[in-house]
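This report describes the packing inside one protein model for a reader who is new to structural analysis. Please look over the sequence and the model before reading on.

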Amino acid sequence: MKKKTRKKIGLLSFFLLIIYVTIVVYFVLFSDRLGRVDGYSTYRYNLVLFEEIRRFIQYREYVSTGAFVLNLIGNLLVFAPVGFLVPIWKTNKKGCLWIILYSFLFSLCIESLQLVTRVGVFDVDDLLLNTIGGIVGWICYKIGLTIFHYMVHRKLEKAGQKEG
């Protein structure tokens, strides 16, 4: 791929990351749908790993399906764009360890904002699920990259066969 094209794709992924971060911050801090308007009168947090995950699984019959999916699956999926877009934007930092670091730090910022503003709960389970979500996005990126390279290789092979 040409350097100019790669740069354009990097800028596009950066722009998409900005939009993504804006949307995440909106939903985490301001969304009526997630009950973020009133906030809590006290700080709310969970510092026990797997506590909320266990509770959601244990009481899944008593909570709505939407709440169950949003808390467990949603926390995974919402951070997948980090794992997918960051390696496109920062091509020199596309390894799994970088994605774990970026996903964890972004999740830590979001969880800390929830704690400080009292519109959510600081939850270590969310840190874990969000970070795993970033890894899921990175795996999707690697699969997509492999498919892209395969398609380019096949195209070059076909072009070579036509000449020969």
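Does Val28 count as buried or exposed? Val28 counts as buried because its relative accessibility is 13%, where buried means under 20% relative accessible area, exposed over 50%, and partly exposed in between (1.4 Å probe, protein chains only).

The model is predicted: local features need pLDDT of at least 70, side-chain atom pairs count only at pLDDT 80 or more, and totals for chains, interfaces and linings use all residues. Residues are numbered from 1 along each chain as its sequence is written, and side-chain values use heavy atoms, leaving out hydrogens and water.

**Helix α1**

Val28 belongs to helix α1; helices (H or I, at least four residues) and strands (E, at least two) are DSSP runs, numbered from the N terminus. Helix α1 covers residues 3-29, 27 residues in all. From its first C-alpha to its last, α1 reaches 39 Å, close to the 39 Å expected at 1.5 Å a residue; the expected span is 1.5 Å times one less than the number of residues.

The buried residues of α1 are Gly10, Ser13, Leu17, Tyr20, Val24, Val28 and Leu29. These buried residues pack against α4 (80-89) and α5 (96-117), with contact meaning heavy atoms within 4.5 Å.

**The nonpolar core**

A nonpolar core is a set of buried Ala, Val, Leu, Ile, Met, Phe, Trp, Tyr and Cys residues joined through side-chain atoms within 4.5 Å. In soluble globular proteins, nonpolar side chains tend to be buried together. The largest such core here has 15 residues, of which Tyr20, Val24, Phe79, Val82, Phe106 and Ile110 touch the most other members. Helices α1, α4, α5 and α6 (124-163) each supply at least two residues of this core, and α1 gives the most, with five residues.

**Aromatic rings**

Rings of Phe, Tyr and Trp (its six-membered ring) pair if their centres lie within 6.5 Å; planes under 30 degrees apart count as stacked, over 60 as edge-to-face and the rest as tilted. By this rule there are seven aromatic pairs. One of them joins Phe79 and Phe106 in a tilted arrangement, with 5.1 Å centre to centre and 40° between the planes. This pair links distant parts of the chain, 27 residues apart: Phe79 is in the loop between α3 (65-77) and α4, whereas Phe106 is in helix α5.

| Charged residue | Ring | Distance from ring centre |
|---|---|---|
| Lys90 | Trp89 | 5.0 Å |
| Arg118 | Tyr43 | 4.1 Å |

**Two buried polar residues**

Ser107 lies in helix α5 and is buried, with a relative accessible area of 0%. A polar contact of 2.8 Å joins its side chain to that of Asn130; such a contact is a pair of N or O atoms within 3.5 Å, and within protein one must be able to donate a hydrogen and the other to accept it, while residues adjacent in sequence count only if both atoms are side-chain atoms. Not counting residues up to four places away in sequence, Ser107 touches Phe79, Asp126, Leu127 and Asn130.

Asn75, in helix α3, counts as buried at 12% relative accessibility. A polar atom of the Asn75 side chain lies 2.6 Å from the backbone oxygen of Asn71.

Notes:
A charge sits over a ring if NZ of Lys or CZ of Arg is within 6 Å of the ring centre and within 35 degrees of the ring normal.
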